[in-house]
Structures are given as structure tokens and as C-alpha cells.
Amino acid sequence: MISYLLRRIGYALPIMLGVSFLCFMLVHIAPGDPLVSILPADASVDLQQQMMKLYGFDRPWPVQFAQWIWRALHGDLGTSIATARPVTQEVFKAVGNTFMLAALATLIGFAFGSLFGFVAGYFRNSWMDRAASFISVIGVSLPHYWLGMVLVIIFSAKLMWLPATGAGPDGSGLWKWDAEHVKYLILPAVTMSFIPMGIVARTVRALVADILSQEFVIGLRARGLGDFGVFKHVVKNCAPTALAVMGLQLGYLLGGSILIETVFSWPGTGFLLNQAIFQRDLPLLQGTILVLALFFVGLNLIVDVLQTLFDPRIERA
Amino acid sequence: MNDMTTPTTAVDPRDVGGPRQPLMRVQALKKHFPLKRSSLGFGPKSAVRAVDGVSFEIRKGETLGVVGESGCGKSTTARLLMQLIVQDSGELVFDGATVGARELPLRDFRRQTQMVFQDSYSSLNPRMTIEDSVAFGPTVHGVSSRDALNRAHDLLARVGLEPARFAGRYPHELSGGQRQRVNIARALALEPRLVILDEAVSALDKSVEAQVLNLLEDLKRDFGLTYLFISHDLHVVRYMSDRVLVMYLGQVVEVGTATQVFDAPRHPYTRALLRSMPSGDPMQRTTEAPLSGDPPNPIDPPSGCRFHTRCAFAQAVCSQTQPDFIETAAGHGAACLRWQPGSGYMPPPDFPDLAETAAEVAHV
Amino acid sequence: MSATITSTTRPAPSAPLQAVRSRSHGANVLRRLLRNPVAMTAATIILLLILVAIFAPWIMPADPFATSMFKRLRPVGTPGYPLGTDELGRDLLSRLMLGGRLSLFMGIAPVIMAFVIGSALGILAGYAGGKVNTVIMRCIDVLYAFPSVLLAIALSGALGAGITNALISLTVVFVPQIARIAESVTTQVRRSDYVDAARASGAPALTIVRRHVFGNVIGPIFVYATSLISVSMILASGLSFLGLGVKPPQPEWGLMLNTLRTAIYSQPLIAALPGVLIFVTSVSFNMLADGLRTAMEVKQ
């Protein structure tokens, strides 16, 4: 058991290293001079060299990589070229916002997805199954940023119930859990929830249908177990995998929030990425992607480990 | 089937050593499958000792039967013979030439030895027609596709499957018995001298099994083949084999002609195995189980003689010394301390002996 | 026990003597697919969209690049502009038709490229096994460790905007997914008895892969790849939406969603229209992929 855990963690470490390396290499595959955005075009060679030294672009890249990793482990992800603020600060401020959004979206998506999936699997091949399956297909085929726009059109422009963009009435990005602020959260969260909803619905449907078709369920019924008992049984069997999927979806949303955050101008990591890209702010880009990717790897690891703990049937290869 | 008259020896142009040289000689074959270490790298590395020092020979024109329980290493031995897996140590000598050496490269060896697998369905490519499956082997060795297909059609007819009806079909459209015939045709397509039949009829219904066995007999006679017939079904092995080899836990425990092994077994394991054969006679009832317990684990076999934990005649010395393979009569040998002079084993009065009659053990 | 059953080399009874050639697996799958109404509807829609995209320059009602400051954001049904005009006065219908070219291309092309590259890597890793497998799959795992949206944006962001760069980054996103499936299926097939039988007949590895492995693995990989097309379309248009893909004034549905955002309050229908097309295409590809999967799943 412990050995499996250690092995699993040991497996994640080279992956994290590989991921970090890839993030690092992003800068070096980028065409053009990384300093273009801060230096005026007629900057003197001296100034250029000074800046290169400051940002460490003058050393050979294995050294740069080592330095970057070293600093990152100490919490220093460099300085944003555009804003001159530490990247770490910017990223962690934004991560909180994105996490809030993603977590809410995942919960909503999981709740409804499980409901639809369960109904579909329980009442296989009935109209409910088809309806629920249809909704889940929509969930995965929808361009979510477009859905965001549509919801904004309906609820913001036309009905004027909810605000269209931003995270707070003052636009400062400071969050408070009050009615005013929550209003800003609703539309982005609902929009985002469609992604996990579709996938969770499909997964749960397959799980439920599979379990119900297994012979031991017939055995249970034959012994007089009522519908509710069977229901509990099904839930118990589905739960580990369904929760695992939910965990993975959370990770996916954390990393892939940029599109929706752009639509709603939500001050999260995705929005930060957007800025970084357009200002060619490579340290910010690198730092943000690194944090997000590592989060994802870490989350995968946690989900794997929890799954093993709760489901003894999983083979500990 | 069990008579000792020399089997057909059609003169094969590829024959090198003449009838006295064994077609295949297996020497001290060993194959261990290492297991992933359960702890973090501390502790001894364990392995499944599937084949642990196996030696025997297959004579030209005979059918050598191989019996044993599941897990005794029969299938692994078959695959080692085919070189589908490579042995850790030991040698294979085919008609005097070492397999894989310069005198007999693997490709040439593969043309002379073929195998028929147990699962008739999974041994045929589901996406290939029957004729393509049979014709594949020859095309690999340079036969033109037209000639290969013709050969395939001939062979299909030979095994009792009308080419017009079956050649263009897919495996899933055939019954188990028909598929096994296809597998036999496929094995023969390369015109081998040795055919290894690994539980080839085990998955078939009894009536179909009988038909296929008779087919195999006919083919052996017509093509001058040599068979290695692996099975767990003792009746079938008795019916088909000239000589029999008994395996237990990765080792050979007894070898002899079918009559010798079935009528006068020397090894306690063979005896127990034969006693467990169900008989059609309701008057013959077995009152106690001949073999106790499950076969022990090939990862950690018992010390000394591997069978001693289940042997009705085991003594202290059996757990200490590994028996050598001793020939007790012409061509009949067993690996048991009872037959090993100077081993320290004291044969008890009820030990199955040379004098034991056939009636006691065989169910005729 | 040794009952003598006569040798049965005589053929099984009955049936007329005519050469039978069974339908191949592929033909069976196609037949089943053609009988699936949902899949066929989806296929028809896709075909229509593709045809419109291909023939767009000839069937467009107006010039998709002709701007006009007077005719900005006209509503649907304006005479001469059946679907209205965009924020620069260009005919929306024409732009949507022409935009289909790039949108469909950027959705399908990366998947095709990833299919080729990913299958090759996966089959190699699956058949070779051992160290080769470990090296290839570990590299794949590093890429797989990124959420796909993030990876696409990271690569696009680093490489810069433009169609080629977007294609590259999308291909890189999909290669690991396809390679994984390919490796998994190939490893399974590698273990089967018929591959062993092929090895036993002395065939070289490449021949075995070509004649035995390939036909049995390509199906599942292909089905998986088709299910990726809808994802690719959404991702590609998403990149353009962010300004990382197609550059203006080229029409592309995702890009149009971006530039029309300002119209949300004045002409919401116009603003939403490009997204409708993306959605419809995506759903159709999903339905088709589902139908294909069902057609292949049936045990023969």
C-alpha cells in the first residue's frame, strides 16, 4: 500500500520535471526577442545587455532552466515584464478567483451531470435516457465561450438580471461573499458547469447501466431488496469513479478557464494568461502555465491515490 | 495407436541425421518469469519458475504426449520450443543442429516446426479471411501469393473444409471444430516436420474432438509428421501418443512409452494422476482423493523433491534432496528418490512397484 | 474408449458448391452506419457544410471583405444581406460561408495529422514494448499532463498567432491522446495468439505489423480520432476567439465571435450566429463519431 503510494508519487516527479521543462522551453520556442515588449526599439546595445542580464537571458539555457527551477522552488517565479510586479504574487491572487469559479462550476456540473446520468442509466432506453444523453452530448459539443455570450445576451442584455462582466461592482477584484458579489459569479459558473456536466453525465450513465446489468443486482432483488436498497447499492459502486471524474474535471477547468474568463472578464489565471500572451510577457506566461500545469498533475495524483484508498479493486500494478 | 511398431518414416529430403537421431532434443531448458518486486526494492527478487531444468527428446515420426496439471509448465515449454519466448538457459537441438546458431537460423527453424494453439478463435486474425490466414506463412518465405492461395485451398480441402465454401469466410463464421481445422491447415502450410499441438483439442466438444484427432492421425501418416501432443486429458493422450512425458511444477517427472506410463507408472505423481482419471465403469469407485490439495506455487516450490508435499509416500529425505532422473527400464524413467540408488529412501511395503498390476491403476 | 470414428476428410454435408466471399469487417461497419438515422443525418449536415465551404467563393451572395461604415450591424433579413452585416458592414452570410473553410479546416486538419503521428508512435510503442515503449510513453505522458486547453494556448501563445502555429499547437495537443489509445490497443493485439502464430511462421516484425496488427488496431483509433474532431473545432475557434489563430480580416467563425462581441447589446442574434454554426458542426461530428463507435462495437 505505502509502496504503491510512494511509487505513484515517484512517477509524478519526473512528469512534473518534464512539465516544468516544457514550460521553460515555451520561452525559447517563441519567435522574437523576449524583451521586445519592454524595451523601446531604439534602446542601446548596453541597455539591451543590461536587461538581458537582469532577466537572465544571456546564460546558456540549461543554466537558465536550473536557475528558474531553483527560484521557483523558493517561490520566486520572476518578475512580470509588463507590470514589474512579482509573478508569484500575480498568479496566486488570480488562482484564488479561478479556483472559486472552477470549484463552483464543478459542483454544479457534477450535481446535474450525476442526476442526468443516473436517470439515463436507471431508465435505460426510455425517453428519459435519450433526453439525458442528448443533454450530455450538448455539454461536450458546446463552444462554452459562445454559451457564455448567449447567456450574457439573455440574462444581462435583455433581462438585466445579472451583470455581464467582472468579479465585483467596483471591479477591483476583491472578493466578498455577499449577494452583490455572488451575482457576478453565477453566469460564469453556470457557463463553465456545462463542460463537466456533459462528461459526468456520460460517465455516470455508463456506470449505472453497467452495474444494473450485472447479475448480482438480480440476486439482490431476488432476495427481496427493495428499490431504495438497490439504489443505495448502485450509488456506493458508482461513487468512487464518479468522484474521480469530478476531481479530474476540476483540474481541467482550473487549467482551461481562459476562454470563459475572457468572455466574462473574470480576474482569474485565465485572464492573466490572456494578458501575458498579448503583452508577450513571457515570465508571467511561464509562471502562470507552470502553476496551472503543476496543479493539474498534483490533482491527478491526489485523485489516483484517493481512488486506490477507497476502491480496493483497483489493481496496484 | 500405442503399438510399438515404427511409425511411418517417409523419406524427407530435409532429414539430416536419419531415423536414429531425435528430431528435437531439449537440454536443461530453464525459463523464469521475474515478478515485480512488491516491496520498495528490498527483499529477494522472486520469479515464477515456469520451466526449471527440462530435458527430453522427440523422436522422428512419433507422437510424444505431455501431461500435467495447469501450471506445470507444459505451455511454456511449448512456447520455448517454438522460440516464441526465449529461454534463460538451455539448448534446443533440431535434427542435430542447434536452433538459432549459424547452422540453423531461426527463420529456417520456423519453417520446420509449427504450432497449433488451444484457443481456436484467438489464434486466427479476425480481420483476415481463412484462406489469407493459411496462405500468410508461405508468403513470408517467398512463395507467390497465387501459389500460396492454391496451397491454402489444397490444405483446407485436406483438413475437410471445402475451399469453395470456407476460403472466403472469416473466423467468426466458423464453429470451434472448423476453426481448429483451419489452424491445423495453417500449421501445415509451411510443410513442417514437427507440429506442436498445445491443448489443440481441449476446447472442443467431445464428438468434434474425436473427428479432429482422427484427422491429425491421417495427416501425420500422409505428411510424415512428428507430433508433440500437450494435453491435460489423459484419455486423449493415451489414445494419441507413442511415448508420454509427465511434468510437475516445471520439471519432468516421468517419461516412457504410453503403455509403460499408463499401465505401470513409476512416479507417485503419475500414479495419482492416473487414479484421478474418471472411469466410465460405475463399479470402479474412487473412495479417497488421489491427490491432496492444490499444486504449490511455482514461485516458491517446495525444497527437495517438489512433489513431496502431496506425495503419499514422502519421507524426510524427500524434502532435502532433489531427485535425479533415473531410467528404471528401457526407455522408461522417473525422477523419484525411490528409484535412485543410495538416496536414502526406504521404500515402504505399499509403494507401487514393478509388480503392481495394470488393473490396479489403469481403468480399461 | 478408443471408438473408431471414420476419418472425416469428406466435407460437411449440404450447401451448393459456389464460392463464398464474406463481407469484410469494414464493409459491415459501413452498412451498419448507413442504417443509423441519427448518424446519417449528422453526416448529411457535415457534408452540406463542407460543400458550402468548398464552393463558397462561387455561391456567396456578396463580397465578404467589403466593408461599409454605413451598413454596420444591420439585422437579419435586411434586403441584400440575408443574415445581416457585421461590425464593419460586411455581409454576414458570405463571411459565414467563407469562414467555414478555415473553421472546418482547422478542426479537421490537426486531427488528421495527430492521427497519423499518434498512431505511428502508439503502434511502435505498443508493438516494440520494453524500453522503446517506456521512453515514448513517458514523453507522451508529459504532454498529457497538461489540460488540453492550457497546452493549446500555451503553445499558441508562445509561437504567436497565425494559422500554421495554431495547427501545430493543436496537433501537439491531440497526438498524446491518440498515441495513448494506439499503444493500448496495440499492446492488447500484440498479446493475441494470432500474432504469436504469425511470429511462429517466421515473419519479420514489419510484416506482422502491416498485415496482422494494423488492421486490428486502426479501427478503434480511428473511432477515437473522429470523436476528437468536435473538440478540435471548438478549440480551434477558441484560439481564434482569443486572437491566437486566424488573423483578421480572414473570416473564421471563432474570430467572428470575438469581433462581434461588441454587438451583443445591439444585435444579439448576429453576435450569436457564428457560434450556432460551430455548435451545429460540433454536435454533428459527435453524433457521427457515436454512430461509428456503435457500428464498430457490435460483436460479429
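1. Cover of helix α1 in chain A. In this predicted model, the buried residues of α1(A) are covered by elements that include α3 (61-73) and α12 of chain A, together with α4 (130-144) of chain C. The buried residues in question are A:Ala12, A:Val19, A:Ser20, A:Leu22 and A:Cys23.

2. α1(A) has 28 residues. From its first C-alpha to its last, α1(A) reaches 40 Å, close to the 40 Å expected at 1.5 Å a residue.

3. Helix α11 of chain A. How many of the ten residues of α11(A) are buried? Eight are, and the helix, which runs over residues 269-278, is mostly covered. The buried residues are A:Thr269, A:Gly270, A:Phe271, A:Leu272, A:Leu273, A:Asn274, A:Ala276 and A:Ile277. Their cover includes α4 (87-122), α10 (258-264) and α12 (282-310) of chain A, and also α5 (148-159) of chain C. After α11(A) comes A:Arg280, which has a positive phi, near 50°.

4. Contact between chains A and C. Chain A gives 36 residues to this contact and chain C gives 32 residues. On the side of chain A that touches chain C, at least two residues each come from α1 (2-29), α5 (127-141), α6 (144-158), α9 (227-255), α10, α11 and α12 of chain A. The largest share, seven residues, is supplied by α6(A). Which classes make up this side of chain A? It has 29 nonpolar residues, seven polar and no charged.

5. A helix pair in chain C. Helix α3 (residues 92-128) and helix α6 (residues 163-190) of chain C have axes that come within 6 Å and cross at roughly 35°. The crossing of α3(C) and α6(C) is right-handed. Sorted by class, the contact of α3(C) with α6(C) has 21 nonpolar, seven polar and three charged residues.

6. Chain B in outline. Chain B contains eleven helices and twelve strands. It has 364 residues, of which 46% count as buried. Among the contacts in chain B with a separation of 6 or more, 66% are between residues 24 or more positions apart.

7. The four-stranded sheet of chain B. This open sheet has the strand order β2-β1-β4-β5, and its pairing is antiparallel.

8. The eight-stranded sheet of chain B. The order in this open sheet is β6-β7-β8-β3-β9-β10-β12-β11, with mixed pairing. Its edge strands, β6 (113-116) and β11 (326-329) of chain B, each pair on one side only. From one strand to the next, the twist averages 20°. β7 (residues 194-198) and β8 (residues 226-230) of chain B pair in the parallel sense over five bridges. In this sheet B:Asp198 stands opposite B:Ile230, which is in β8(B).

Key:
Residues numbered from 1 in each chain as written. Chains lettered and ligands numbered in written order. Predicted model: local features only at pLDDT ≥ 70, side-chain atom pairs only at ≥ 80, totals over all residues. Buried ≥ 20, exposed ≤ 12 C-beta atoms within 10 Å, placed from the backbone. Contact = placed C-beta atoms within 7 Å. Nonpolar A, V, L, I, M, F, W, Y, C, P; charged D, E, K, R; others polar. Expected span 1.5 Å × (residues − 1). Axes fitted to C-alpha atoms, helices over the stretch in contact; angles between N-to-C directions. Left-handed = near helix turned anticlockwise from the far one by under 90°. Pairing = 2+ DSSP bridges.
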